[in-house]
Amino acid sequence: MENYSACVNNQKAFFHKGETEDVDFRINSLKKLRTAIQQNENALVEALKVDLNKSEFEAYSTEIGVVLKEIRFVLKHLRKWVKPERVKTPITHFGSSSLIYPEPYGVALIIAPWNYPFQLAVAPLIGAIAAGNCAIIKPSELTPNTSDVLERLIKEIFTQDYIAIVQGDAKTSQALLHEKFNTLFFTGSAPVGKIVMEAAAKTLTPVTLELGGKSPCIVHEDANIKLAAKRIAWGKFMNAGQTCIAPDYVYVHGAIKDEFLDQLKKAMKALYGEDPLENADYTHIVNAKHFNRLCAFLDNGKLFSGGKTDQAHSAIEPTVLTDVNWEDPVMQDEIFGPVLPVLEYHDLPEAMEGIHNQPNPLALYLFSNSESVQQEVVNGIAFGGGCVNDTVYHFVSPYLPFGGIGKSGTGSYHGKGSFDTFSHQKSVLKQTTLFDIPFRYPNVKNGLKKMKLFLK
Ligand code: NAD
């Protein structure tokens, strides 16, 4: 088995030198990272094109730009975040003061997936650096060109005992998980999430799991149908549906189903043209295994639109299926590709029950202009996060912590959320030595009586 003890121990030794405690050190590191990303922008765009046929527009808007914006946000707020927070002190603690110190965990392991191979490796790294940790990144082996650029970029700006990158497959990942880290941050599938959590349990290491699942999209009868169709087509088919928070399926109200499907077809055509497989900017499926897995869904229900494939390039047209039911294979697991089943409902409780029968989604999208419907859905279903009258957009707000619940993940990040995720909140009481309130001591006269006066 590969062995990473030396790498982890070197980072622990570096961490204990205390350099990462210094906020200026963290800020300089983030600035170095930003410059390196800017200088490697072309190389990243090219690598993402080779790995996934991502267009320059998608490469910038969903990978490079998102990360640069996150760094900018963190740089703006970091000096404030690192300060100990003074909180209230109860009367029982009269004479003392209370502070919460955000403290780095130490050495973090970041394991990343292939679908946004740059962004999902670097966004957690920003949080790890901001909070003052060292980190080892394990990028995905399925997007080797992007992982190579990332490795070169990281090695150019950071010493290995501060930020290291280890390339490899599941075996490498497991060898890393064998080591004692101070925190684990995993983005990927639920089955591998269980392996990561098991490893974390063995060493009692805090763990963040950013997983996936079937994210529903409800289009209610009072929705702005044209806009709903456009925003769903955008969120679903970007990156050819290989987005953890892509709408997995649509629940549309029966009264507007036909009009919605008509608008959806128009929106798909407007975004990707008459023949998306000929569109040079349309993302491909990551490999043959996933391509074949997705092709097997194309005969589920009834084909409404799309359905063409290009095996040589592992590409699948944006596809919409109707007359699908919960027993169909396409409804058994997260689709993670450009296939969109549309289910029909007749009243809101029916759609909500269908969703309740599934594990907690990572995202949920509701299209409705009714305040009461919005309240009913947002309060009535447990999901990681989502949007009302949009899809995916919540992901890119630094003010909204992003993460799942239950099977879709545990913990969250982005903006201050990333800083908090990579920090331990160390609570400290500073007691006075000027006097000593006697009630807590067992030998005080009428101690219990006085204790009962305070503690009730
Ligand atoms: P994956 O779980 O197969 O792989 C993720 C990482 O884990 C990779 O680096 C891989 O090398 C490693 N890995 C794979 N098998 C392993 C094993 N047996 N033991 C230890 N490590 C192992 O996921 P993926 O296919 O790369 O990504 C797709 C999944 O990720 C989807 O389920 C998607 O929803 C989810 N995802 C979630 C988010 C999020 O932010 N919540 C973002 C993107 C993707």
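Here are a few notes on one helix pair and the cavities in this predicted model.

1. Some ground rules. Residues are numbered from 1 along each chain as its sequence is written. In this predicted model, local features need pLDDT of at least 70 and side-chain atom pairs count only at pLDDT 80 or more, while totals for chains, interfaces and linings use all residues, and side-chain values use heavy atoms, leaving out hydrogens and water.

2. Take a look at helix α3 (residues 41-52) and helix α6 (residues 144-157): their axes sit 7 Å apart, at an angle of about 155°. The two are therefore roughly antiparallel (that label goes to angles over 145 degrees).

3. Which residues make the contact (heavy atoms within 4.5 Å)? From α3 come A43, L44, A47, L48, V50 and D51, and from α6 come P144, N145, T146, V149, R152 and L153. Sorted by class, that is 8 nonpolar, 2 polar and 2 charged residues.

4. Now the holes. A cavity is a set of points on a 1 Å grid over the protein atoms alone where a 1.4 Å probe fits but cannot get out, and lining residues have an atom within 4 Å of a point. There are 2 cavities of 30 Å³ or more.

5. The largest cavity holds about 40 Å³ of space. Its lining includes G213, K236, D248 and F336, and the lining splits into 4 nonpolar, 3 polar and 3 charged residues.

6. The second largest cavity has a volume of about 30 Å³, with V66, V67, E70, Q119, A123 and H414 around it. Helices α4 (56-81) and α5 (119-130) each give two or more residues to this lining, and α4 supplies the largest share, 3 residues.

Methods
Axes are lines fitted to C-alpha atoms, for helices over the stretch in contact, and angles run from 0 to 180 degrees between N-to-C directions. Helices (H or I, at least four residues) and strands (E, at least two) are DSSP runs, numbered from the N terminus. Angles under 35 degrees count as roughly parallel, over 145 as roughly antiparallel, 65 to 115 as roughly perpendicular and the rest as oblique. Contact means heavy atoms within 4.5 Å. Ala, Val, Leu, Ile, Met, Phe, Trp, Tyr, Cys and Pro count as nonpolar, Asp, Glu, Lys and Arg as charged, and the others, Gly among them, as polar. On a 1 Å grid over the protein atoms alone, a cavity is a set of points where a 1.4 Å probe fits but cannot get out, and a pocket is an open set with protein on both sides within 12 Å along at least five of seven lines; lining residues have an atom within 4 Å of a point. Grid points are joined across faces, edges and corners, and a volume is the space filled by probe spheres set on the points.
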